[in-house]
Amino acid sequence: MTEQSSSRPIYLDHNASTPVLPEVLETMLPYLSGHYGNPSSAHVYGRAMREGVERAREQVARLIDCQPDEIYFTSGGTEANNLAIRGAAVANPGRRHVLTSVIEHPATSGPCAFLQGMGYRVDRVAVDETGAVRLPDIRSAVDGQTLLVTVMHANSETGTLQPIGELAGIAHAAGALMHTDAAQSLGKVAVSVQREGVDLLSLAGHKLYAPQGIGALFVRSGTAIEPLLLGAGHERGLRPGTENVAAIAGLGRACEIAQSDLATESRRTTALRDHLWDRLNGQIPGLALNGHPFDRLPNTLNVRFPGISGNALLAECPAVAASTGSACHEGKDPASAVILAMGVPPEAAAGSVRLTLGRGTTKIDVERAADALIGAWRRLQ
């Protein structure tokens with residue numbers, strides 16, 4: 001991908017959504033035109049569609065290091081999280097305790113709140129100043145009633161990576177399941193369900209250069225989980241509804257591309273992210289980093305601009321398309337709840353801006369964005 005046009009805002013909001021890659025679109029097009037059978041039909045038209053679904057299932061499975069029959073396609077990360085959390089609760093009625101964190105995405109915190117309303121005990125553990133959960137807090141909170149520990153793999157605002165493998169070990173020692181929302185980390189860092197030991201993992205296509213409206217849930221073989229929707233036997237009975245084959249094929253191709261150059265793209269993006277930080281930090285006294293200095297997504301830079309609000313800065317800087325936090329939280333609070341949970345005072349937290357790079361981001365883009373943000377900050381002083 002080439003640098004972004006100088007006539008358009010520089011897109012630094014890839015944690016909100018990514019553009020569909022040309023190769024992904026090319027893979028999808030046959031399923032929107034030449035192929036039109038029902039994947040469940042036994043004739044040649046149906047078989048062509050079914051082959052596309054199963055090919056994609058293999059591509060997704062390879063990226064996260066699991067078996068194809070452990071992948072279930074959904075309409076996105078939100079449905080995958082609901083299916084994991086609520087589906088596990090229905091299948092395991094003898095346990096009534098869920099453990100999560102205070103910085104989860106609404107797609108996780110919402111289902112947890114739903115279970116709490118149904119009488120479940122839900123504990124939300126705090127995070128440290130880098131945005132990471134503390135393992136001793138998890139150990140002290142699990143007990144014999146714990147059904148599930150659900151903590152995101154990487155925070156969408158700060159990029160901080162969580163110790164998922166250790167959390168899974170704690171959960172399993174108590175007889176509980178481990179779920180993680182890996183929507184933000186997939187395609188940016190290596191994700192292996194075998195290494196991390198999770199039982200359930202959610203992903204979303206539009207964070208990974210596939211279209212919006214497609215996702216998947218990994219369910220480890222033997223894990224008890226019940227469907228939320230009632231209907232026919234699609235996705236081996238766990239997620240009824242005729243498959244969105246074009247989007248599924250696009251997700252599979254996106255996963256294949258991510259796997260092909262994961263290490264090199266991660267190094268490239270890390271270098272650009274750090275260049276952006278150096279350029280901003282060299283010109284803005286008092287600029288501060290939100291999140292872990294090293295253990296975070298290679299594309300994510302969340303910074304606090306002193307003396308102003310992040311919303312005011314972005315309004316003054318139309319040359320950069322970025323955000324002050326998760327798109328699902330935007331417009332609710334002057335300061336991000338995630339940043340506040342890390343112990344940042346409200347006035348300082350309000351100056352936070354999330355800058356997230358992508359495959360199409362170049363060094364020129366980063367330098368133009370830095371200059372525009374520096375100029376906007378100076379004008380607001």
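The protein chain has 13 helices and twelve strands, where helices (H or I, at least four residues) and strands (E, at least two) are DSSP runs numbered from the N terminus. This is a predicted model, in which local features need pLDDT of at least 70 and side-chain atom pairs count only at pLDDT 80 or more, while totals for chains, interfaces and linings use all residues. Residues are numbered from 1 along each chain as its sequence is written, and side-chain values use heavy atoms, with hydrogens and water left out.

**Overall dimensions**

- The radius of gyration of the protein chain is 21 Å, which agrees with the value near 21 Å for a compact globule of 381 residues; the radius is taken over C-alpha atoms, and the globule rule is 2.2 Å times the number of residues to the power 0.38.
- The C-alpha trace of the protein chain spans about 65 × 55 × 35 Å along its principal axes.
- Of the 381 residues, 57% count as buried; buried means under 20% relative accessible area, exposed over 50%, and partly exposed in between (1.4 Å probe, protein chains only).

- Strand β3 (residues 97-101) pairs with β5 in the parallel sense over four bridges, and two strands are taken to pair if DSSP finds at least two bridges between them.
- Within this pairing, T146 in β5 is the residue opposite H97.
- Strand β5 (residues 146-150) is mostly covered, with five of its five residues buried.
- On to the next neighbour, β5 and strand β6 (residues 177-181) pair in the parallel sense over three bridges, and L148 has L177 in β6 as its bridge partner.
- Between these two strands the chain passes through helix α6 (residues 164-173), and this β-α-β crossover from β5 to β6 is right-handed; that is, with the strands pointing away from the viewer, the path from the first strand over the helix to the second runs clockwise.
- Strand β6 is also mostly covered, as five of its five residues are buried.
- In a regular strand the side chains alternate between the two faces of the sheet.
- Both faces of β6 are covered: L177, H179 and D181 are buried on one side, and M178 and T180 are buried on the other.
- Strand β7 (residues 200-204) pairs with β6 in the parallel sense over three bridges, with L200 in β7 standing opposite H179.

**Nonpolar surface patch**

- V20, L25, L29 and L32 form a nonpolar patch on the surface, and their accessible area together is about 350 Å².
- Patches are made of residues with over 30% relative accessible area and no salt bridge, joined within 9 Å for like charges and within 5 Å for nonpolar side chains (Val, Leu, Ile, Met, Phe, Trp, Tyr).
- A salt bridge is a side-chain nitrogen of Lys or Arg within 4 Å of a carboxyl oxygen of Asp or Glu, and accessible areas come from the Shrake-Rupley method with a 1.4 Å probe, where for residues only the protein chains shown count as cover.

**Positive phi angles**

- Most residues other than glycine have a negative phi, and most peptide bonds are trans.
- D65, a residue other than glycine, has a positive phi near 70 degrees.
- The position of D65 is in the loop between α2 (44-64) and β2 (71-74), and D65 is partly exposed because its relative accessible area is 39%.
- Y209 is not a glycine either, and its phi is positive at about 75 degrees.
- Y209 sits in the loop between β7 and β8 (215-219), and Y209 is buried because its relative accessible area is 10%.

**Other loop positions**

- P68 is found in the loop between α2 and β2 and counts as partly exposed, at 29% relative accessibility.
- From P68 to R57 the separation is eleven residues in sequence and 5.4 Å in space, C-alpha to C-alpha.
- N92 belongs to the loop between α3 (77-91) and β3 and counts as partly exposed, at 23% relative accessibility.
- N92 and S185 are 93 residues apart in sequence, and their C-alpha atoms are 28 Å apart in space.
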